[in-house]
Every structure is written in structure tokens, then in C-alpha cells.
Amino acid sequence: MSTVPHPGFGAFAKQHREFFDALSTEGWEPVAGYAGVEQKLLSGRLDHAGRSGALTRLSRWAPGAFVAEAVVHDWCEEVFLISGSLRIGNPDDLDSSEFLPAGSYACRPAQVLHGPFFTEGGCLMIEFNYYPPTPSTRQERLP
């Protein structure tokens, strides 16, 4: 597999990859600061210093995993819950939490506070994270 970004992806700087087994046991790594949460990077990367790039990853949460505090970040994020379920809220207050079944989807711009989250039985999500391309400063000439 080439690690050189394909020019067809423009500012997102992703590599061209054909079909592969994204659910294989290889390539999973813990997400720092989130016990019971693992990720598998599928394509791309984020350049936080340059506020550019795009990243696609799988996120696997073990039963009982949780993110205790709401989070906010400076990139856009789309999340699709493939299997299992997730809840927004606190595991100590189940009645006040919002249940998200498989098939749930979120699309949020940068700087949107979200969470806290927890899962009772575990879940698998695909996430698309990206910095939006900078709008062109070129002005189009009118006829």
C-alpha cells in the first residue's frame, strides 16, 4: 500500500486504497484517554497544526466503555453507528440518557460540544473527521 497521498483527494491528502478487510483483528489501537475504546485508521490523517486533512476510522467501544465528559474539537465530524448502541448522558442516570441504536448518524461542524457518551453492550462506529477546505479567495468574474 502506498503512503503517498493521491492527488485526486486534493486538500484531504488521502491514499488510494482498494477493498480490504477493515474488520480484521489487525490494526486496532487504544484511543488515548478513553478506556475500552479502540480505533482502526482506514485512510487519511489530520494535520492539527495546519488545520487540514481528513481521516476515516472505525471506533470500537467495549461493553461498559464511556466518555465521562462532553468533548469539543476544531475539526468537523460525521459518525455512523454500525452496530450495537450508544447513549448520550451519564451511566449513573440511565433514565435521563438518550438511546442511540445502530443506524444512528451525526454530522457536526467544528466547535460543537457533544457527549458525554457510554455504551452498555458495546458498539462499532465509522467516523469521518476533517478540516473543511479553505474557501477560495479567488473571485469569479461576472460576464
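Arg60 counts as partly exposed because its relative accessibility is 30%, where the class covers values between buried (under 20% relative accessible area) and exposed (over 50%), with a 1.4 Å probe and protein chains only. The structure is a predicted model, in which local features need pLDDT of at least 70 and side-chain atom pairs count only at pLDDT 80 or more, while totals for chains, interfaces and linings use all residues. Residues are numbered from 1 along each chain as its sequence is written, and side-chain values use heavy atoms, with hydrogens and water left out.

Side chains of opposite charge can pair when their charged atoms come close. A search of the whole structure for salt bridges returned five, a salt bridge being a side-chain nitrogen of Lys or Arg within 4 Å of a carboxyl oxygen of Asp or Glu. One of them joins Glu38 to Arg60, with the closest N and O atoms 2.7 Å apart. This pair links distant parts of the chain, as Glu38 belongs to strand E2 (residues 37-47) and Arg60 to strand E3 (residues 52-61), 22 residues apart. Strands (E, at least two residues) and helices (H or I, at least four) are DSSP runs numbered from the N terminus.

Arg51 sits in the loop between E2 and E3 and Asp74 in the loop between strand E4 (66-67) and strand E5 (76-88), so the pair ties together parts that are 23 residues apart in sequence. Arg51 is partly exposed at 46% relative accessibility.

Glu120 and Arg87 meet in a further salt bridge, at 3.1 Å from N to O. Here Glu120 lies in the loop between strand E8 (117-118) and strand E9 (123-130), and Arg87 lies in E5, 33 residues apart. Glu120 is partly exposed at 41%, whereas Arg87 is buried at 14%.

Turning to the strands, E9 is mostly covered, with seven of its eight residues buried. E9 pairs with E3 in the antiparallel sense over eight bridges, pairing being assigned if DSSP finds at least two bridges between two strands. In E9, Asn129 stands opposite Leu55. E5 and E9 also run antiparallel, joined by eight bridges, and Leu81 stands opposite Met125 in E9.
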